[in-house]
Amino acid sequence: MKTATLFVLLLVLFSCSSVTKEKSETDERSFEEVSKKVIADLLARPDYMMYNTGDVVAMHYAEVCAAFGAARIAGSTGDTVLVKALAERYSRLKTDSLPNTANHVDANVYGILPLELFVLTGDSAFYRQGIELADSQWKDSLPNGLTRQTRFWIDDVYMIGSLQIQAYRVTGKSKYLDRAALETVAYLDSLQESNGLFHHGPEASFFWGRGNGWVAAGLAEVLSELPPDHQHYARIEAGYKKMMAALLSLQTEDGMWRQLLDVESAWKETSCTGMFAYAMAVGIKTGILTDATYRTACIKAWNALTGYIDEAGKMNGVCVGTGQSTDINYYLNRPTVSGDFHGQAPVLWLANVLIQLP
């Protein structure tokens, strides 16, 4: 009787161990599997998502960021079929047939995509368009050295920083690195609150999730290339670490972050969760974040996010576009949508870094 009981107990323990191992292995494989579904959804869309506010016309930055994530994954995994598919979808980027006013951060950030496609294909037409957008951003710069596109909206930390860093990656020219660093320090000095986070705007004293997500992702992009001996490195690293520590304390038990980060009644939102986990993953990869709790936070976020992705590869629970407001209920009552590129992009960024982490 004791032998039989012991056998059953061992069988149960073995089964539990096998399930745990299988779950872990499935999570690791899911980095590529899930990203393939999200990328398939991107490539299946018949039209570009456009940004048109009258004065500003370009491919929408949200699609640009999603395609940028897809291109990075193609490069990391050596997927030549995907490279070809992305190059074909965005072939109009090589011509003047797709309008771009190049007069605003949301228009110029478009340049990160052709520059990444240049890295993958070697096509100089992609290079030309991306570099022109990076350089035009600093045309007639301000007396303090900042771009005239500076508006001190928190989104700009990514929109400006990522483009200049991408230009540095493909050219190796320090002027692009210096531009990104100078701009980032200006935004940190002007906008970061004492708790490490960022209000949505001067009159909108709320810590909106996706707005802070753009900051986190932008800081990560800059630090991924900025050498420690750069004059602005210490300031940017300090601001980044302060923000990451604040975010770590606000992650929910299931791995998500909220629409308003410090409001417990706020609903959980997917685009900011992907952005924060991405920013942490970059910090782990670069060696800036050495505490093991950050790695745990990234994996928890990934596992939570995969539960929001449907069979068609569309991310659910994405907050719609959100302007600044003085009313907290404006943020708490924002609707969510499925498949919005604001949510598709960061999960691809995150997957790309997780694929590369040991």
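## Two loop residues with positive phi

A102 lies in the loop between α3 (80-89) and α4 (105-108). The model under discussion is predicted. Although A102 is not a glycine, its phi is positive, at about 50 degrees. Most residues other than glycine have a negative phi. The relative accessible area of A102 is 25%, and this residue is therefore partly exposed, since that class covers values between 20% and 50%.

A further case is F152, placed in the loop between α6 and α7. F152 is likewise not a glycine, and has a positive phi of about 55 degrees. With a relative accessible area of 32%, F152 is partly exposed.

## Helices α2 and α14

Helix α2 covers residues 61-77 and helix α14 covers residues 341-356; their axes come within 8 Å and cross at roughly 20 degrees. Because angles under 35 degrees count as roughly parallel, α2 and α14 are roughly parallel to each other. The crossing in which α2 passes α14 is left-handed.

On the side of α2, the contact is made by Y61, A62, E63, C65, A66, F68, G69, A70, R72, I73, S76 and T77. On the side of α14, the residues are F341, H342, A345, L348, W349, A351, N352, I355 and Q356. Divided by class, the contact of α2 with α14 has 13 nonpolar, six polar and two charged residues.

## The nonpolar cores

The largest nonpolar core has 112 residues. Within this core, the residues with the most contacts are Y90, Y158, M244, L247 and W349. Helix α2 gives the most to this core, contributing eleven residues.

What is Y158 in contact with, leaving aside its neighbours within four places in sequence? The residues are C65, F68, V109, I112, L163, W214, A217, G218, E221 and W349. Among these partners of Y158, C65, F68 and W349 also take part in the contact between α2 and α14. A second, separate core has nine residues, including A204, L260, V263 and A266.

## Helices α3 and α5

The axes of α3 and helix α5 (residues 112-121) come within 11 Å, with a crossing angle of roughly 135 degrees. That angle makes α3 oblique to α5. The crossing in which α3 passes α5 is left-handed.

From α3, the residues V83, L86 and A87 meet L117, L120 and T121 of α5. The residues of this contact of α3 with α5 divide into five nonpolar, one polar and no charged.

Helix α6 (residues 124-136) and helix α8 (residues 174-191) have axes that come within 11 Å and cross at roughly 50 degrees. This makes α6 oblique to α8. The crossing of α6 and α8 is left-handed. I131, A134 and D135 of α6 make the contact with K175, Y176 and R179 of α8. By class, the contact of α6 with α8 has three nonpolar, no polar and three charged residues.

Leaving aside its neighbours within four places in sequence, R179 is in contact with A134, D135, W138 and Q164.

V170 lies in helix α7, which covers residues 156-171. V170 and F118 are 52 residues apart in sequence, and their C-alpha atoms are 8.4 Å apart in space. Leaving aside neighbours within four places in sequence, V170 is in contact with L115, F118, V119, Y127 and I131. I131 also belongs to the contact of α6 with α8.

K241 is found in helix α10, residues 233-250. K241 is partly exposed, with a relative accessible area of 36%. K241 and K268 are 27 residues apart in sequence and 23 Å apart in space, C-alpha to C-alpha.

Definitions and conventions. Residues numbered from 1 in each chain as written. Predicted model: local features only at pLDDT ≥ 70, side-chain atom pairs only at ≥ 80, totals over all residues. Heavy atoms only, no water. Axes fitted to C-alpha atoms, helices over the stretch in contact; angles between N-to-C directions. Helix = DSSP H or I, 4+ residues; strand = E, 2+ residues; numbered from the N terminus. Parallel < 35°, antiparallel > 145°, perpendicular 65-115°, else oblique. Left-handed = near helix turned anticlockwise from the far one by under 90°. Contact = heavy atoms within 4.5 Å. Nonpolar A, V, L, I, M, F, W, Y, C, P; charged D, E, K, R; others polar. Core = buried A, V, L, I, M, F, W, Y, C linked by side-chain atoms within 4.5 Å. Buried < 20%, exposed > 50% of the residue type's maximum accessible area, 1.4 Å probe, protein only.
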